[in-house]
Amino acid sequence: MAAAAAAAAKRALLPWARNGHHALARVIGSGSGSGSFRGEFATAGRRWSLLQCRWRSSLPAQLESTDKSDEDSGGDIDWDNLGFRLTPTDYMYVMRCSLEDGVFSRGELGRYGNIELSPCSGVINYGQGLFEGMKAYRRSDMQGYMLFRPEENARRMQHGADRMCMPSPSVEQFVHAVKQTVLANRRWVPPQGKGALYIRPLLIGSGPILGVAPAPEYTFLIYASPVGNYFKKGLAPISLVVEDAIHRTMPGGTGGVKTITNYAPVLKAQIEAKSRGFTDVLYLDAVHKRYIEEVSSCNIFIVKGGVVTTPATVGTILPGITRKSIIELARDRGYQVDERLVSIDDLVGADEVFCTGTAVVVAPVSSVTYQGQRYEFRTGQHTLSQALHTALTSIQMGLAEDKKGWTVAID
Ligand code: COI
């Protein structure tokens, strides 16, 4: 019985795990599509068997019978029409931690699928959760993959976890988990120029808590999906409408961290904007209703003459990793970059406006509508946003030399 379970476990592990690189992962039970994983955790010299993570694959038959994770191709995926929507991949990474312990130990890869959560979990009841967004690109020579500044995402998650009273993985654990997730799902990394594997690390209060307090248990989970362009019209310039009634965040709130609770509150304004033909919404500060903050899923920049300006990260603005990289690339090109309060008057007087984010990359803005008045901006060839888009994506895809040490190769 034990030998049969061990053989089933070995079969279920990935090729590199079979070779001993992931020796702690052990599958208990068998059967297609559901089972339970037990992680064996080694902490400070102690070795103990901790949490049991029950899982149920949402794609059991397909995955069990066609496990192609060690092939280097995505089969019949239509790489030309990816868009930004979920294409379920083969594996996800899961790591757990109790509040009492406060430290994450070894995590493991499992089949991608639904997770089981207490109805009373901190994340469902009180929104105790964070996420990150990252991309892995296929290298131009088709050998291996590239991540972009993954340590920055890890550190941002740690900062957010502090704000949301959650333990968080170390930078090393985070980056290791991301690499494992990419390798396990490597057949889903689009060919170069077709898109990227979008990686979504989550940190959630998964334990039950009835009164308002930190959850007793936390889950760090990473799933991935191949994606193309974020906005429906691809790389075409976007049109924004300024929202002055609904706010994304407020001073003292959580706008400066990537909590899940920053996103549902913008849906109402976003749906309304889309129904009126706009691509997305630009939010104003909640106090003066005068300073621009962010778009629903990205940071914003304005360009006037040789000066590039973006709202300062004073607690209500997400410190975007693309934002930070674009500031550096613009300065390298001789632009003065100011991080400060940016009023709506500054915006409407700009020559050029663009948005940045992992998902949107660098998106030129063709118009902003404020109180019924539409303001237009320069787009297309010879704009700064286009030059920055090319500079950034060339580094991310390995087409240009990475003089900054921003990329991390996964082979
Ligand atoms: C990202 O750019 O990764 C984001 O977090 C945007 C997401 C809300 C779609």
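A residue is taken to be near a molecule or strand if one of its heavy atoms lies within 4 Å of it. The structure is a predicted model in which local features need pLDDT of at least 70 and side-chain atom pairs count only at pLDDT 80 or more, whereas totals for chains, interfaces and linings use all residues. Residues are numbered from 1 along each chain as its sequence is written, and side-chain values use heavy atoms, with hydrogens and water left out.

The shell around the ligand consists of Phe-131, Gly-133, Tyr-198, Arg-200, Tyr-230, Lys-258, Tyr-263, Ser-297, Thr-358 and Ala-359. By class, five of these residues are nonpolar, three polar and two charged, where Ala, Val, Leu, Ile, Met, Phe, Trp, Tyr, Cys and Pro count as nonpolar, Asp, Glu, Lys and Arg as charged, and the others, Gly among them, as polar. Because domain 1 (2-227) and domain 2 (238-400) both contribute residues to this shell, the ligand lies between them; the domain bounds come from an automatic or database assignment.

Oxygen atoms of the ligand lie 2.6 Å from a polar side-chain atom of Tyr-198, 3.2 Å from a polar backbone atom of Thr-358 and 2.8 Å from a polar backbone atom of Ala-359. The protein buries 91% of the 290 Å² that the ligand exposes when taken alone (Shrake-Rupley method, 1.4 Å probe).

Helix H5 comprises 14 residues, 150-163, and reaches 20 Å from its first C-alpha to its last, close to the 20 Å expected at 1.5 Å a residue (1.5 Å times one less than the number of residues). Cys-165, which follows H5, has a positive phi near 60°.

How values were computed
Polar contact = N/O pair within 3.5 Å; in protein donor to acceptor, adjacent residues only side chain to side chain. Helix = DSSP H or I, 4+ residues; strand = E, 2+ residues; numbered from the N terminus.
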